[in-house]
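Please look over the sequence and the model shown here, and then read the short report that follows.

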Amino acid sequence: MGRAEGFAYRELGDGTVRITHRERAAGTLRGERAASFLAEIAGGADPQLVMARWTGNYRHGNERTAKQHPRNR
């Protein structure tokens, strides 16, 4: 599985967290979701993987099935 990379986040003054992927907006978190995200990052988890999961940019588990599909052979 490829490693998540290229993500960055920025906490704004009003508590909003803006997540970018390769300098493009990937998601904005506010309120309780922003607090949960920051707590997870502070908990020691890999920030790249956390941001990939929170933005929905991660593997969905169907890659192996798609690889075996006749049209992809």
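## The place of Q48

Q48 lies in helix 2, which spans residues 47-55; helices (H or I, at least four residues) and strands (E, at least two) are DSSP runs, numbered from the N terminus. Q48 counts as buried because its relative accessibility is 17%, where buried means under 20% relative accessible area, exposed over 50% and partly exposed in between, with a 1.4 Å probe and protein chains only.

Leaving aside residues up to four places away in sequence, Q48 touches R3, A4, E5, G6 and F7, a contact being heavy atoms within 4.5 Å.

## Basis of the model

This is a predicted model, in which local features need pLDDT of at least 70 and side-chain atom pairs count only at pLDDT 80 or more, while totals for chains, interfaces and linings use all residues. Residues are numbered from 1 along each chain as its sequence is written, and side-chain values use heavy atoms, with hydrogens and water left out.

## The chain as a whole

The protein chain has 3 helices and 3 strands, and from the N terminus on its elements run β-β-β-α-α-α. Of its 73 residues, 18% are buried.

## The nonpolar core

The largest nonpolar core has 11 residues in all, including A4, F7, I19, F37 and M51; such a core is a set of buried Ala, Val, Leu, Ile, Met, Phe, Trp, Tyr and Cys residues joined through side-chain atoms within 4.5 Å. Strand 2 (17-21), helix 1 (31-42) and helix 2 are the elements that give two or more residues to this core.

Not counting residues up to four places away in sequence, M51 touches F7, A8, Y9, I19 and F37.
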